[in-house]
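I opened a new structure today and kept notes as I went. Here is what I looked up, step by step.

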Amino acid sequence: MWIEGNYRRNLMDMHIDDWNPEFLSKINIAEYVNALKSANIQAAMVKGKPHTGLCYYPTKIGRMHKGLKEFDFFGNMIEKCHENNISVIAYFTQIFDNWAYEEHPDWRVITAEGKNMREYNGQPNFKTGRYGIVCPNNKEYREYVKACLTEMNTMYDFEGMFLDMTFWPEVCYCPSCRKRYKEEMGKELPRTIDWNDFVWKEYVYKRDEWMADYAKFATKCVKSIKPKVTIEHQFSRITGSWVDGSTEMLTEAVDYAGGDYYGGFLQQTFINKYYKNVSPNLPFIYHTSRCDPELIFHTTTKTEEEIMLHVITALVHNGAFLLVDAINPDGSIVPEVYHDLMKRIYGKTSQYEKYINGNLYHDASIWFASHAKYDPNECNIDVVEKSFEPKYYMESPVSAASVMRENNIPFEVIGTKNISSDNAKVLVLSHVANIREEEMDEIEKYIKNGGNLYISGPIANDRLQKILGVRVIGRTPHDFTYMSPTKFGEKLFDGFTRQTPLTVTMSQIEIEIISDENMTVLATQTLPYTMTNTYEFAAIHSNPPGIYTNMPCAILKEIGTSKIIWTAAPIEMSKPYMSRQVFKRMIQLLVGEPTFVSNAPKFVEVLSWNKEGTDYFAVINEQEESPIAPMYDITIDIRKTNRKAYMLPNKEEIKTEMIGKDLMRIYLPKLEVFQMIALK
């Protein structure tokens with residue numbers, strides 16, 4: 001497959017309208033491709049049809065962009081790239097299509113308010129008035145997509161396709177959605193959000209299936225003509241809420257996972273690990289913008305250090321990096337970005353490409369549950385009132401990743417498909433609100449194989465409650481609560497006592513114990529003197545603990561050789577250092593003997609893998625703001641004796657020392673942006 005060894009990629013973002021004759025009038029393909037070649041870029045994503053729906057090639061299906069004056073930008077870019085040994089990924093937008101939206105009003109998404117998307121103005125979540133969005137359940141729209149993809153793949157030869165915007169930005173109540181749900185489920189589309197209602201959850205899962213079905217349809221349109229053309233659907237909305245319908249099922253329609261992100265380096269290392277594990281093939285592809293921090297800052301370029309970090313973080317996870325640049329409306333580019341900045345960056349990172357591998361050593365794995373992307377507290381409200389905020393489903397697992405990074409616990413982020421085969425010592429279910437039966441099957445296999453679990457918040461399957469020997473009976477009406485350690489939990493809750501319990505800035509799940517066999521209660525629930533958010537108070541500025549209960553809120557359950565820790569709320573989301581240390585100690589208890597130990601600062605991530613008999617370490621300085629301050633005197637302790645350590649790519653030997661009989665310490669005297677180390 002052409003993607004093997006192809007790590008340096010680029011996209012010139014150009015969703016340009018054509019009401020002004022100046023737009024795209026200064027396109028210069030020779031200058032563009034020369035810039036790509038100068039930067040040693042291996043693959044160019046070339047726009048064929050953008051969100052405007054105005055094609056950059058002579059189409060017989062839709063309409064060509066007027067500013068090109070019938071010049072075949074798309075075809076000429078493909079030819080010029082191939083002349084310079086640059087692979088081409090054809091860009092095709094779907095669902096977001098202004099031309100189709102205007103020409104075919106009956107294809108449009110209809111929101112719960114009865115509006116089309118361009119009827120809104122100046123609102124978030126694509127309700128700006130700029131995006132014409134149509135429904136993938138509309139059969140006529142699907143035939144249009146098939147015709148467009150057939151046309152592109154018949155007229156041109158390219159290596160891959162990026163099918164963008166494979167998600168719903170809104171819950172659609174158009175006639176096509178209503179008809180399909182009625183035919184498949186025999187019901188009308190529900191309008192009341194209730195995560196305790198099976199009918200509602202069934203509907204949300206059906207939307208997930210519909211989007212996956214559409215993705216498979218679009219992929220088939222391409223593969224039926226060009227079987228070897230690789231397909232990447234937009235997969236960045238996997239981090240979006242249930243509204244998007246973007247789930248792990250989309251990986252069944254792609255050759256590799258990929259998508260664009262505009263957050264920080266903690267977000268990137270989290271999603272890169274997830275992509276690596278769910279992608280059908282490697283490398284996956286991580287997109288982010290040249291513009292700082294995202295494309296709306298059209299004229300502002302990220303620092304060299306920031307882009308370098310993006311590139312190397314993707315690379316050490318066996319991912320390709322795609323720079324999303326912003327073309328000017330007239331079609332001109334900023335060539336020095338490539339002749340200078342990207343040439344230096346790719347020139348350096350390319351030296352490390354031969355060392356990377358997909359299998360990271362890890363002690364813990366965070367399960368990112370793509371069918372549970374909602375707030376379970378958001379119940380009995382109309383769809384119109386829904387929230388798009390990530391809240392627990394995203395914030396909780398990312399917080400778990402943050403704590404593990406800052407305490408140098410090597411971790412992975414996995415999907416459902418990876419659970420039963422994962423060799424991590426502990427699987428982290430960080431506020432997973434829903435576990436489907438087929439997902440529970442995988443969890444049970446993992447436990448049967450000797451794996452340990454950390455579960456926070458919901459115990460989201462009856463079978464899991466049975467394994468724990470408990471039954472969920474509700475949650476506290478208080479949204480500010482406490483955990484008071486028992487004598488058995490004192491070490492884990494070090495720094496907290498019954499009189500000074502651990503603060504939880506949210507409600508807690510309440511349980512009753514059905515079977516206490518092999519169970520240890522680590523902490524019990526404590527509540528404030530008064531109900532929170534009322535006029536009555538004990539202390540005017542706070543909600544101090546006053547009601548001590550025997551309700552278990554942290555337990556340790558032993559199942560054969562496996563251990564399970566459950567906490568009634570995600571401690572990992574805590575801001576105080578002492579509280580986050582409780583989560584760290586719980587994970588360390590479940591991990592046992594660590595793979596390696598490091599003194600690296602909390603924003604420095606240490607990753608390790610083996611390739612062809614050689615162990616490698618990547619030490620990455622993931623500070624979120626430039627300039628990045630260098631770090632000094634980092635050590636890594638491993639049980640790999642009689643080895644020498646070398647800094648790559650120059651293979652300069654660095655100091656090692658035996659600590660005791662079977663522990664070797666590696667000394668890294670200085671870390672700037674990143675360093676890769678080989679052990680031989």
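**Cavities and a domain interface**

I started with a search of the whole structure, which is a predicted model. The search gave 6 cavities of 30 Å³ or more. I then looked up the largest cavity, and its volume is about 90 Å³. I noted that 14 residues line this largest cavity. Closest to its centre are Ile409, Pro410, Phe411, Glu605 and Val606.

I looked up who takes part in the contact: 7 residues come from domain 2 and 16 residues from domain 3.

How much area is buried between domain 2 and domain 3? I found about 930 Å², with 42% of that area given by carbon and sulfur atoms. On the side of domain 2, I wrote down Tyr361, Arg405 and Asn408, which lose the most area to domain 3. Together these residues make up 70% of what that side buries.

Then I turned to charges and polar atoms. I found 2 salt bridges across the interface of domain 2 and domain 3. I also looked up the pair Glu593 and Arg639, which form a salt bridge with their closest N and O atoms 3.0 Å apart. Polar contact across the interface of domain 2 and domain 3 comes to 6 residue pairs. Last, I sorted the residues of domain 2 that touch domain 3: 3 are nonpolar, 1 is polar and 3 are charged.

Notes:
Residues are numbered from 1 along each chain as its sequence is written. This is a predicted model: local features need pLDDT of at least 70, side-chain atom pairs count only at pLDDT 80 or more; totals for chains, interfaces and linings use all residues. Side-chain values use heavy atoms; hydrogens and water are left out. Contact means heavy atoms within 4.5 Å. Buried area is the accessible area (1.4 Å probe) that two parts lose on being put together, summed over both. A salt bridge is a side-chain nitrogen of Lys or Arg within 4 Å of a carboxyl oxygen of Asp or Glu. A polar contact is a pair of N or O atoms within 3.5 Å; within protein, one must be able to donate a hydrogen and the other to accept it, and residues adjacent in sequence count only if both atoms are side-chain atoms. Ala, Val, Leu, Ile, Met, Phe, Trp, Tyr, Cys and Pro count as nonpolar, Asp, Glu, Lys and Arg as charged, and the others, Gly among them, as polar. On a 1 Å grid over the protein atoms alone, a cavity is a set of points where a 1.4 Å probe fits but cannot get out, and a pocket is an open set with protein on both sides within 12 Å along at least five of seven lines; lining residues have an atom within 4 Å of a point. Grid points are joined across faces, edges and corners, and a volume is the space filled by probe spheres set on the points.
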